[in-house]
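Have the structure open while you read, and try to find each pair as it comes up.

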Amino acid sequence: MTIEDRLRAWRIPVGMRTIKTTIAVILALLVVQPYGTSTAKVVFATIGAMSAVGPTFKASAVACLTQICSVTVGAVMAVIMAELKVPPMAAVGIGIIILLWMYQYSHLKLLPVLPCLVLVNICLTSEIEAAPYALGRLWDTAIGLGIGMLINTLVFPYDNSQKIRQTMVSLDSDLIAFLEDMFDGDEHQPEAENIGRKIVALEEQLKLFADQRLFRRKRQKRELKTLRTCEDIAHELLIELETLQNMKRKGTLNEENRQALQKLGAKLSQTHHQRPESVEDVVVNYHVARALQLRKDLKAELAGRAERKQGKPGENNPSPEPIWPRRGIL
């Protein structure tokens, strides 16, 4: 059980990222008090620490780079306006236009708020010197960013592999429920939209997983390759279920598929028509057999991932716990 799972179990409405952000801010304030340079060092360190605690290492690195570049660009623009002897209000207007144009031309998804604030603050405050102000702000912000990065990377780094695993397991339950609903003999027909939404959520979780860690990159790449294979299998499985859902005439299960589904715990209609096999029967049984085979492939990939994480079974390393529930194993 992860730390966040324990917090939820204790009904504490605070996530681990919130706790890490708080720790980062407190440490940044303790460090910036004796070593900061600017008059607003507390503010800059706080902003830096909070920005650096992102959901992944990549997000934290992007936030740090954004803070540093934004302050630098805003300060450089203010220095240029000062050297050209542009009046303060005109300098603000011209500088903001140039900054907005630069961000739009570069197709950056970031908001140019921070460099504009730096520009306005320098241009409209006569006692501020652009270069010392920029260096002081960069230093104080860097203290917060550095501490935030360390906390985010080393203290309970975000790990969503458990969520990915749970999504994979729930796909198995959804598959059995879908096929049971399709062949239980009532008028209601199942829908594959719920499985489709889970696969979309799975893609988002895999993107987070790919951006998570700084260390053990080789191991992460191996795990990511396995999870991507599982994702591809899940997409194929969704195609099979959508094909079954869109059949205008539903065929009859053959005995092999019927027994396989019943072993998985599916409650099916007991009616079995003794008649020549129709085209619909052939088609429906092909797609059901294909879905069950994809389920086996998905299980095999996840079981292999579990063995690679825990090592091969042996005397000193017993067989790992199955990654799928015991109920419903073929």
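Here is a quick tour of two helix pairs. Keep in mind that this is a predicted model. Two packed helices are described by the angle between their axes and the distance between those axes.

**Helices α4 and α5**

- Start with α4, which covers residues 57-83, and α5, which covers residues 88-105.
- These two pack at an angle of about 140 degrees, and their axes sit 10 Å apart.
- Angles over 145 degrees count as roughly antiparallel and 65 to 115 as roughly perpendicular, so α4 and α5 are oblique to each other.
- The crossing of α4 and α5 is right-handed.
- On the α4 side, the contact is made by Ser70, Val73, Met77 and Met81.
- On the α5 side, you'll find Ala91, Ile94, Gly95, Ile98, Leu99, Met102 and Tyr103.
- Sort the residues of this α4 and α5 contact by type and you get nine nonpolar, two polar and no charged.

**Helices α6 and α7**

- Next up are α6, residues 113-124, and α7, residues 130-154.
- Their axes come within 11 Å and cross at roughly 140 degrees.
- α6 and α7 are therefore oblique to each other.
- α6 passes α7 in a right-handed crossing.
- From α6, the contact uses Leu114, Val118, Asn121 and Ile122.
- From α7, Ala130, Tyr133 and Arg137 join in.
- The residues of the α6 and α7 contact split into five nonpolar, one polar and one charged.

Notes. Residues numbered from 1 in each chain as written. Predicted model: local features only at pLDDT ≥ 70, side-chain atom pairs only at ≥ 80, totals over all residues. Heavy atoms only, no water. Axes fitted to C-alpha atoms, helices over the stretch in contact; angles between N-to-C directions. Helix = DSSP H or I, 4+ residues; strand = E, 2+ residues; numbered from the N terminus. Parallel < 35°, antiparallel > 145°, perpendicular 65-115°, else oblique. Left-handed = near helix turned anticlockwise from the far one by under 90°. Contact = heavy atoms within 4.5 Å. Nonpolar A, V, L, I, M, F, W, Y, C, P; charged D, E, K, R; others polar.
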